[in-house]
Amino acid sequence: MDNSSNYDDGSDLGYLPSPSSTETPGFSTRRGDSFLFRRTYSETSAFSEPTDDHSCSSEPSHCHWPADKFLAHDQPVLGKLRVNTKQQKQIVNDQESVDAELELMKERFAKLLLGEDMSGSGKGVCTATTISNAITNLYATVFGHNLRLEPLKPEKKAMWKREMDCLLSVCDYIVEFIPKSQNLKDGTALEIMESRPRSDIYINLPALRKLDAMLIEILDSFQDTEFWYAEQGSMLANSTRAGSFRRVIVQRKEEKWWVPVPCVPPGGLTEKSRKHLRHKRDAANQIHKAAMAINSSILAEMDIPDTYMASLPKSGRASLGDTIYRYMCSTDKFSPHHVLNRLNMASEHEALELADQIEASMYTWRRKACLSNSKSSWGMVKELMSDVDRTDKNHVLAERAESLLFCLKQRYPELAQTSLDTCKIQYNKDVGQAVLESYSRVLEGLAFNLVAWIEDVLFVDKSVRNQD
């Protein structure tokens, strides 16, 4: 006898769940190799009027059941269905968000592969420059609007980690081959070539990743802080926290009007909060020094473009001017700090201009020192510097110019890139160097900002306590 007649109560083939069924309505159930989809309940379908639509199943409809009996029996089911509907909507929203992020990543990596040339004609920039620009733009997207000591938003943090992992993954395939001895089963010794990460990437990339994680950790530590922020010039701080204080002096140049002003309670910060700020400032300062050292070493290893060498003046004296040239030639005991103190620079713009002049004169003198030894190829300068006569006047002036430039960069750690650094980045074709340089540069900038923001808070706290 056919058992299908036993399902005249409307429970056939998943139309209605059996009262004894433990399956959750709204989810599929596997039978054999196929899926049977349960029809979900809803308030609309449960209380709608019956229709004469003959295209529907001929099985009994819900509306023929007594409403009170139906509600008494299936009220828990309705509650579960409401929860499941919310979960399904959340899943759909999450999937749409993932799809949108995936499309955005596709667009960015398409531009990366095209070399930022949307015509596809092959006139784009080289891969190294494209990746360097991509890391710089990602940093601006994630941290560009973050001007406060507060944790990153979860979506920003996820974007930074996800996309940086993708951009840095290119370094996994930049390898060098080294000889390795291998013994066969019969005792025969063979020498094979083994691949390993290139030495500069093997040394610097793990260090940069560690610095990155430490900077994010510093930002995450500023939760539920005793200080807060108000837009500069705003008097709305009194409405945000009781006892707030706005008569403070911020150690910031007036042109940075867009940076929010930190505020502290009238009595200042507690000793615990002050100690925490100092500890994080010292940590960020060390990170800044480490990132700057890595960036400087990478830039030093980059080849000097021929366009820069062609633009150098004929003499270092013409680049520096007579005043600085006399300082560098007048005494045997040259003091770069004394020279900088005599110059009395009033702005960072003047310092950057001086750095460009010193750097140009330094390479002009080095080129002359090499050419004086009958060596005409500038590409061999690194190898030739050890052969140059240390007493040669051009070599001595180049060494003094290098020490003066180093002292200038120490005195102005926030100094922008010089013309040579910019030219190196622009014409560099080494992808590994481009990744390391841009990664270290953005971490250096973030660490410097953290130090500045913490010092702003400490300065405001000190001003408030001195006024009490």
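In strand β4, I192 is the bridge partner of K180.

The model is predicted, and local features need pLDDT of at least 70, side-chain atom pairs count only at pLDDT 80 or more, and totals for chains, interfaces and linings use all residues. Residues are numbered from 1 along each chain as its sequence is written, and side-chain values use heavy atoms, with hydrogens and water left out.

The chain contains 15 helices and 6 strands; these are DSSP runs numbered from the N terminus, with helices being H or I of at least four residues and strands E of at least two. Of the 468 residues in the chain, 36% are buried. Burial is assigned from relative accessible area with a 1.4 Å probe and protein chains only: buried is under 20%, exposed is over 50%, and partly exposed is in between. Contact means heavy atoms within 4.5 Å. Among contacts between residues at least 6 apart in sequence, 71% join residues at least 24 apart.

Two helix pairs were examined. Two packed helices are described by the angle between their axes and the distance between the axes. The axes are lines fitted to C-alpha atoms, for helices over the stretch in contact, and angles run from 0 to 180 degrees between N-to-C directions. Helix α5 (residues 199–220) and helix α6 (residues 271–301) pack at an angle of about 150°, with their axes 10 Å apart. This angle makes α5 roughly antiparallel to α6, given that angles under 35 degrees count as roughly parallel, over 145 as roughly antiparallel, 65 to 115 as roughly perpendicular and the rest as oblique. The crossing of α5 past α6 is left-handed; a crossing is left-handed if the near helix is turned anticlockwise from the far one by less than a right angle, and right-handed if clockwise. On the α5 side, the contact comprises N204, A207, L208, L211, M214, L215 and I218, which meet K280, A283, A284, I287, A290, A291, I294 and I298 in α6. The residues of this contact divide into 13 nonpolar, 1 polar and 1 charged. In this division Ala, Val, Leu, Ile, Met, Phe, Trp, Tyr, Cys and Pro count as nonpolar, Asp, Glu, Lys and Arg as charged, and the others, Gly among them, as polar.

For helix α9 (residues 322–330) and helix α13 (residues 393–411), the axes come within 10 Å and cross at roughly 110°. The angle makes α9 roughly perpendicular to α13, and the crossing is right-handed. Residues I324, Y325, M328 and C329 of α9 meet K393, L397, R400, A401 and L404 of α13. The contact divides into 7 nonpolar residues, no polar ones and 2 charged ones.

Helix α14 (residues 419–427) has L420, D421, C423, K424 and I425 as its buried residues. The elements that cover these residues include α3 (127–143), α6, α7 (306–310), α11 (348–371), α13 and α15 (431–467).

Y439 lies in helix α15 and is buried, with a relative accessible area of 1%. Leaving aside neighbours within four places in sequence, Y439 is in contact with I135, W160, M164, L168, L205, L208, R209 and D212. Y439 and N295 are 144 residues apart in sequence, and their C-alpha atoms are 8.5 Å apart in space. E163, found in helix α4 (residues 154–168), is also buried. The relative accessible area of E163 is 7%. Residues up to four places away in sequence not counted, E163 touches M105, R108 and L138.

Most residues other than glycine have a negative phi, and most peptide bonds are trans. D224, in the loop between α5 and β5 (228–230), has a positive phi near 55°. D224 is exposed, with a relative accessible area of 81%. N344, in the loop between α10 (336–343) and α11, has a positive phi near 55°. This residue, N344, is exposed, with a relative accessible area of 60%.

How values were computed:
Pairing = 2+ DSSP bridges.
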